[in-house]
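Have a look at the model first.

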Amino acid sequence: MDNLEDLKILAEQWFHQGVEFFQQIPPTQLYAAIGVLLLTTILLVSIRLFRRTKSNTVLLSGLSGSGKTVLFYQLRDGSTHQGAVTSMEPNEGTFVLHTENIKKGKTKPVHLVDVPGHSRLRSKLEEYLPRAAAIVFVVDALEFLPNCRAASEYLYDILTNTSVVKNKIPVLLCCNKTDKVTAHTKEFIRKQMEKEIEKLRVSRSAVSSADIANDFTLGIEGELFSFLHCYNKVTVAEASGLTGDTDQVQEFIREYVKP
Ligand SMILES: Nc1nc2c(ncn2[C@@H]2O[C@H](COP(=O)(O)OP(=O)(O)OP(=O)(O)O)[C@@H](O)[C@H]2O)c(=O)[nH]1
Ligand SMILES: [Mg+2]
């Protein structure tokens, strides 16, 4: 009983001391201290919120047959259980990349979306672009030349899209199917596509296209087009979805969706 009484007295003493201490501080200083405390709390909370809302969406785009779906399954499962069928719906999933899964490290899942390349389904891409953290543009390095123009047109539309430019979404030009010896090199593909985009730039600035509103013009006036002139970072890589040679693609994804 006595102990309890003592404790009560001690607590009361401390309380009074505390009150006296605060009464000694001039009110302006007290308000300033409370203000600083509140501001730091708000700042810390908003940093946390901002971090949480950072997108983990990576888009796989490119012409039909370039190998997006095979790449999607390779990144997810390490196998290619679907192929040779044209996708009619976007394929999406949130997962830790297959090779990372093997290592059992703590990693942040990636939301990967494989958007069909068929021209009638391409409008789907625009729905995903505003929340994309990065875009992997897949090109068939085997059948490259016959598709060069169409692929360049598609890439041009992506690179001039409002969300892509405003959010400076990084793009990886992924030269796929390099498991075959006849596949073109990434340097060749990059140069050919730059040339093709240069042509498009000239023709499109003459007549503005009616079906897709390109809000931005690409490149630097009076200079030949180069991916280095883009508002966003464009890098080139080689891959083979079929054989699982996807290291460069994974590196790119993990540069923008931190583990
Ligand atoms: N040699 C080789 N063939 C591949 C590779 N990746 C995909 N293919 C083949 O290319 C064809 C098309 O692959 P998909 O993944 O279905 O192509 P996609 O880009 O999803 O096409 P859409 O769904 O129509 O947009 C299939 O026959 C695949 O077997 C690769 O890395 N190497
Ligand atoms: Mg597909």
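How many bridges join strand β1 to strand β4? There are 6, and the two strands, residues 57-62 and 132-140, run parallel. Gly62, for instance, stands opposite Val138 in β4. Strands pair when DSSP finds at least two bridges between them; strands (E, at least two residues) and helices (H or I, at least four) are DSSP runs numbered from the N terminus. This is a predicted model, in which local features need pLDDT of at least 70 and side-chain atom pairs count only at pLDDT 80 or more, while totals for chains, interfaces and linings use all residues. Residues are numbered from 1 along each chain as its sequence is written, and side-chain values use heavy atoms, without hydrogens and water.

Now to the whole sheet. It is open and mixed in its pairing, with 6 strands in the order β2-β3-β1-β4-β5-β6. Because β2 (91-95) and β6 (234-238) each have a single partner strand, one side of each is left without a neighbour in the sheet.

Two helices pack on this sheet. Helix α3 (68-77) touches β1, β2, β3 (110-114) and β4, contact meaning heavy atoms within 4.5 Å. Helix α9 (247-256) touches β1, β3, β4, β5 (171-176) and β6.

Finally, the surface: Leu38 is found in helix α2 (residues 27-53). With a relative accessible area of 52%, Leu38 is exposed, a label for values over 50%, where under 20% is buried and anything in between partly exposed (1.4 Å probe, protein chains only).

Notes:
Chains are lettered from A and ligands numbered from 1 in the order in which they are written. Axes are lines fitted to C-alpha atoms, for helices over the stretch in contact, and angles run from 0 to 180 degrees between N-to-C directions.
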